[in-house]
Amino acid sequence: MGHRFLQLLIITIALTACSDEKNSPAATGNNSDSATEVAQVAQVDAARLLAAESDTANWMTHGRTYAEQRYSPLKQLDPGTVADLGLAWSFDLETQRGIEATSLVVDGVMYTTSAWSIVHALDARSGKLMWTYDPQVARDKQRHLCCGPVNRGVAVWQGQIFVGTIDGRLEALDAATGKLNWSVATVDPELPFSITGAPRVINGLVLIGNGGAEFGVRGFIAAYDVATGDRKWQFHTVPGNPTDGFENDAMKMAADTWKGEWWEIGGGGTVWDSMAYDPELDLLYIGVGNGTPWNREIRSPGGGDNLFLSSIVALRPGTGEYVWHYQTTPGETWDYTATQHIILADMEIKGSTRKVLMQAPKNGFFYVIDRTDGSLISANNYIDLTWATHVDMETGRPVEVEGARYTDQPFMIVPSYLGGHNWHPMSYNPNTGLVYIPVLDFPAMYGQPENFRYRPGGANTGADGIVGSLPDAQAERDALRALMKGRLLAWNPVTNTEAWHVEHAGPWNGGTLTTAGNLVFQGIADGKLVAFRADTGEQLWDFATQTGVVAAPVTYELDGEQYLTINAGWGGAYALVFGEYVRSESLPNISRVLTFKLGGRESLPAVDWQPTVTFNPPEQFADADAIRRGFAEYQDTCMGCHGLNAVSGLLIPDLRGSAFIHDANAWKSVVIDGSLAARGMAAMSEFINEQQAEEIRAYVIEQAIRGQRLQKQ
Ligand code: CA
């Protein structure tokens, strides 16, 4: 397959311009400047969260408990009963922009989020809407988003709901009404930060990080007072300019591992998803992301480990003080974040009980780490890798394959920049002793860019990649698509080996939940929610969700009945960027909260759906050179939202069917002047000029002509 890739086009993976939202729910929770008559609902406090493991009625924090195992002791659903699991209710989320949230459930009320950081409170028995809060994010913010305006959920504490908004605010809502109690800007709104992750609350402090490493920011996590929103501490993950002095000794240590003038473009290292907390050790664990740009040759010329990129860092949650770190990918150069889900457990390893931390970061190794001090217990690859042979147990460092840093020539890397595992949560079942990982398994080519230019506020990978545009012939298209694999992997963290796996039709499947009923639940890309036996992987039950699923399920108990909830809906980086690779032509994108129980007899309305692109391309007006330049500019400026080959993948209008490609002035008004900014398509005039915009139009017309030809085949 290698030579076929080499025939294919070299493109720069880049992430910028976007299009639009269909509609969004009306705001019913508007600003109120007077804080805070504390609601008598959602009374979650330290004692309740510390006892969350045995509290089967509720799901009170993102990973269910501070250990983030996503394991429930509930066992009404089991291999004997699950066949009778049926839909109890559904709630429409009215967006196509990506659904990633883990819903929380507290005392019969569900708190969940949709795209654009919109929060809903629902009756957990019936799905009846209690309130909606819309933070009214300006839609052209999406020029700063790698992966759509997604949100992964809220935190709850003493009558308040906390949400991080996609434009970088942290907000506290009255849990009873959805009214805004306070709002703070956690970042400079002018900078290309974003928040997609769920906050956590520890002892009255709300913790939230941010994303934006591709766009040029300096990553950090910070803690805010639950009552006032006052910032109590901030921990940067990469050092600033040494001549300004260091905030702490950890930054001084980190600066010794960098070269060049990294601070000029921020360095990256964003803390965009994972956190876990050990109350006995009083340690907060955070996962840190990739550098800006990905390519270390450019970011830190001359080398260096570049702390704390791609690291797990342990902090004191009360002060933000650094305690220890473990760097999974020293000198990362492939977008190998360590922001993936962190799980804490106590387990017997070689005859003694160890307090461990587990992570399957993007780089393809499964790590078991002693969470008291950060020492490595074991690391083994959970998919076949091409960039490293193993982890050296003496040094804790991966042993890299020669050439994998693509400094002299391009190198085909598995896993790709989307990782062997991305943000989709895994789960750990203490009864089976297995971790259930939604695995991605596909390659990406990396190469040195010919002319890297840093684009402030634009996407900056610093790596040329060969994604491989799909050829026209059906057999070759099928062969290339077959390279894109995804599976559910049950991993034994004690023996460091696979217990079982189930191969899915493709990558980008949902997060997992496991239960004492010997079950694992996972939503998958091709439109199903599935129950598997946790010990064997046998498939026991499925439900047609009518749409791809990427979020993770939760479970709770009310009136003696066990409920199961999944937020269905397709979205995220793979769905946006991979164009024709995404097998989306057979399924619509319908975002809903779906809740099940034994004997549930509701059904979803029938779907009357067909792929919506109607091709009516104008005649090509440009010559081959202009189209080629337009292609290159499209990759840099448009592809992150509009997809490889201008195929949108169900999240936004497909450019190939757009009326704007027929008219140069209309195209310019959108692309250069920003006439659709309010609907999400920001002006791109800071990145391209009018001639370049016209060359992009020529490229899109070429793709529309091709799409029409393929549709007729
Ligand atoms: Ca990244």
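Strand S5 (residues 109–113) and strand S6 pair in the antiparallel sense over five bridges. Two strands count as paired if DSSP finds at least two bridges between them. The model is predicted: local features need pLDDT of at least 70, side-chain atom pairs count only at pLDDT 80 or more, and totals for chains, interfaces and linings use all residues. Residues are numbered from 1 along each chain as its sequence is written, and side-chain values use heavy atoms, with hydrogens and water left out.

- Strands here are DSSP runs of E with at least two residues, numbered from the N terminus.
- S6 covers residues 119–123, and four of its five residues are buried. Buried means under 20% relative accessible area, exposed means over 50%, and partly exposed lies in between (1.4 Å probe, protein chains only).
- Thr113 stands opposite Val119 in S6. Val119 also stands opposite Tyr133 in S7.
- S5 and S6 form a hairpin with five residues between them. In that turn, Trp116 has a positive phi of about 65 degrees.
- S6 is joined to S7 (residues 129–133) by four bridges, and the two run antiparallel.
- S6 and S7 form a hairpin too, with five residues between them. Gly127 in this turn has a positive phi of about 80 degrees.

- Ala124 sits in the loop between S6 and S7.
- Ala124 counts as buried because its relative accessibility is 0%.
- Contact means heavy atoms within 4.5 Å. Leaving aside residues up to four places away in sequence, Ala124 touches Trp89, Val105, Gly108, Val109, Met110, Tyr556, Leu558 and Tyr563.
- Ala124 and Tyr111 are 13 residues apart along the chain, and their C-alpha atoms are separated by 8.9 Å.

**Gly403, in another loop**

- Gly403 lies in the loop between strand S25 (398–400) and strand S26 (411–413).
- Its relative accessibility is 38%, so Gly403 counts as partly exposed.
- Gly403 and Val439 are 36 residues apart along the chain, with C-alpha atoms separated by 25 Å.

**Cysteines**

- A disulfide is a covalent bond between the sulfur atoms of two cysteines. The rule used here is a pair of cysteine sulfur atoms within 2.5 Å.
- By this rule the count is one disulfide. Cys146 is joined to Cys147, with S to S at 2.2 Å.
- The link of Cys146 and Cys147 is left-handed, with -100 degrees about the S-S bond.
- Cys146 is partly exposed, at 26% relative accessibility. Cys147 is buried, at 19%.
- Cys638 is buried, with a relative accessible area of 10%.
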